[in-house]
Amino acid sequence: MGRPRIARLDRERIAEAALALVDRDGDFKMPDLAKHLNVQVSSIYHHAKGRAAVVELVRNRVVREIDGSAFERLTWDDAFTAWARSYRSAFSRHPTSIRLLATETVRDPTSLSVYYAPAEGLRKAGFPDDHILAVITAAENFLLGAALDAAAPEVMIEADSTTPDDALTRALAAAPTGQARAEQAFELGWRALLSGFRRLLEELHEASARPASSS
C-alpha cells in the first residue's frame, strides 16, 4: 500500500489555514498554525518569511473579494458606493480579522491593489492629492465598523425602561431587527458620508476657482 498523499504546502493553503484560526480565535500563533497544517513551523517559513508575512497572506485572502472595477464604468460616487459595498461584505465574512489586520502596515502589492481603483477614481473626480487618502481612510473607518455591525448579535441594545414613552424605548420599538437593522444603519451612514464627500469636492472646486487675493 502506498503512503497517503499529503496536500502540498503553498501560500494559498497557509492563508486559508491562518484565516480559519483568525475566524475562530481572532488571532493565530505560528506553532498553532503549523499544527493546524500538520507541518513544522520551518515548513511555513519556506513560503512566508515570518508571522508578518502570514498576516499579509490573510489580508490578501480577505481583500481579494473587494471589487474596484466599477470605477472603470460609473461616476466616482456610484463606483465608490459599489467598492464600499464589496469592502463591507468582504470584512463582514471575517469580522474577527479586522483587529489583527488593522495593526499591520499594508505593503504587499496584492493588498495595495484594493486602493488603486478608488485613489484613481477620486483623483479623476477632482479630489486633490492631499485629500484622497483622507477620504479613503474615512470611508474605511466607517466600513470596518459596518462590517462588525453586520456580524453583531440579533439584538444590540436592550433597554429596561420604566418610562415606555422615552425616546430610546420608542426608537427601539420602531427600529428593524437583526440583519435589517444593520442594513438600515449602513445605508443611512453611507449616504451621509457620501453626501459629505460630494460637498467637500464642491467646496474644493469652489476654492480652487477663486482668484488669488492680491497682496
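From the N terminus on, the elements of the protein chain follow the order α-α-α-α-α-α-α-α-α-α, which amounts to ten helices and zero strands. Helices (H or I, at least four residues) and strands (E, at least two) are DSSP runs, numbered from the N terminus. The model is predicted: local features need pLDDT of at least 70 and side-chain atom pairs count only at pLDDT 80 or more, while totals for chains, interfaces and linings use all residues. Residues are numbered from 1 along each chain as its sequence is written, and side-chain values use heavy atoms, with hydrogens and water left out.

Along the principal axes, the C-alpha atoms fill a box of roughly 80 × 60 × 35 Å. Of the 215 residues, 35% are buried (under 20% relative accessible area, with a 1.4 Å probe and protein chains only).

Helix α4 (residues 51-63) packs against helix α7 (residues 109-125) at an angle of about 40°, and their axes are 8 Å apart. Axes are lines fitted to C-alpha atoms, for helices over the stretch in contact, and angles run from 0 to 180 degrees between N-to-C directions. In the contact (heavy atoms within 4.5 Å), E56, R59, N60 and V63 of α4 meet T110, S111 and V114 of α7.

Methods. Buried < 20%, exposed > 50% of the residue type's maximum accessible area, 1.4 Å probe, protein only.
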